[in-house]
Amino acid sequence: MSSIRIFLAANSATKEEIELLESLVHKMDQSIQKGDIPGYTDYNRAFHNQLYRSSHSPVLIEIIESLYMRSENSKMTFHHNPERLQASNDEHRAIVVALQNRNAEEAAETLRVQKEQGFQIVLNALRVSRLFMGEVE
C-alpha cells in the first residue's frame, strides 16, 4: 500500500502539498531538538497522512487510515527507539526531495526502508516485552 500511495503522490502532489510536507519535516526537526517524542510522533503521523492525501485517492486514504487506527504498536515506534528520530526525519526529507523531482521510485524505496525499520523496532520491542513476561522464544 505504501508503494501505491507514494507513486500516486509523486505524480499528483501539488506544490502546496509538497510545501506542507516540508513544513512538517521542519517541525519534526524542532521536536528532535527539544527531545519531544510525542510532538515528533504527532508530526510524523501528520506527514504520512499528508502523503496519503497527496495521492488524491479517497479509497486508498480510507484503507490506510483504517489500518493505522488498528495498529497501536506503530504509534509507539519512537518511544521504543528514540535514536531512530533523526534517521526517520532524514528519510522524510529524502521523500520530499523525491516528490519535488517527481521520482516515484526513489520516494517509494525510501518509504519502504523507513517502514521496514519501524516494523523491526516494534518487533524487537514485542520480543523484549515477551521476555520480561517470562515467555520463551
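This report walks through the overall build of one protein chain and then looks at two of its residues.

**The whole chain**

The model is predicted. Its protein chain has 7 helices and 0 strands, and reading along the sequence gives the pattern α-α-α-α-α-α-α. Of the 137 residues in the chain, 41% are buried. Now consider contacts between residues at least 6 apart in sequence: 71% of these join residues at least 24 apart.

| Residue | Helix | Relative accessible area |
|---|---|---|
| Serine 54 | H3 (residues 37-54) | 0% |
| Valine 59 | H4 (residues 58-69) | 57% |

Is serine 54 buried or exposed? Serine 54 counts as buried because its relative accessibility is 0%, and the cut-off for buried is under 20%. What does serine 54 touch, if we leave aside its neighbours within four places in sequence? Its contacts are then Leu8, Ala9, Ser12, Ala13 and Glu17. You can look for these residues around serine 54, which itself lies in helix H3.

Valine 59 lies in helix H4. With a relative accessible area of 57%, valine 59 is exposed, since the cut-off for exposed is over 50%.

How values were computed: Residues are numbered from 1 along each chain as its sequence is written. This is a predicted model: local features need pLDDT of at least 70, side-chain atom pairs count only at pLDDT 80 or more; totals for chains, interfaces and linings use all residues. Side-chain values use heavy atoms; hydrogens and water are left out. Helices (H or I, at least four residues) and strands (E, at least two) are DSSP runs, numbered from the N terminus. Buried means under 20% relative accessible area, exposed over 50%, partly exposed in between (1.4 Å probe, protein chains only). Contact means heavy atoms within 4.5 Å.
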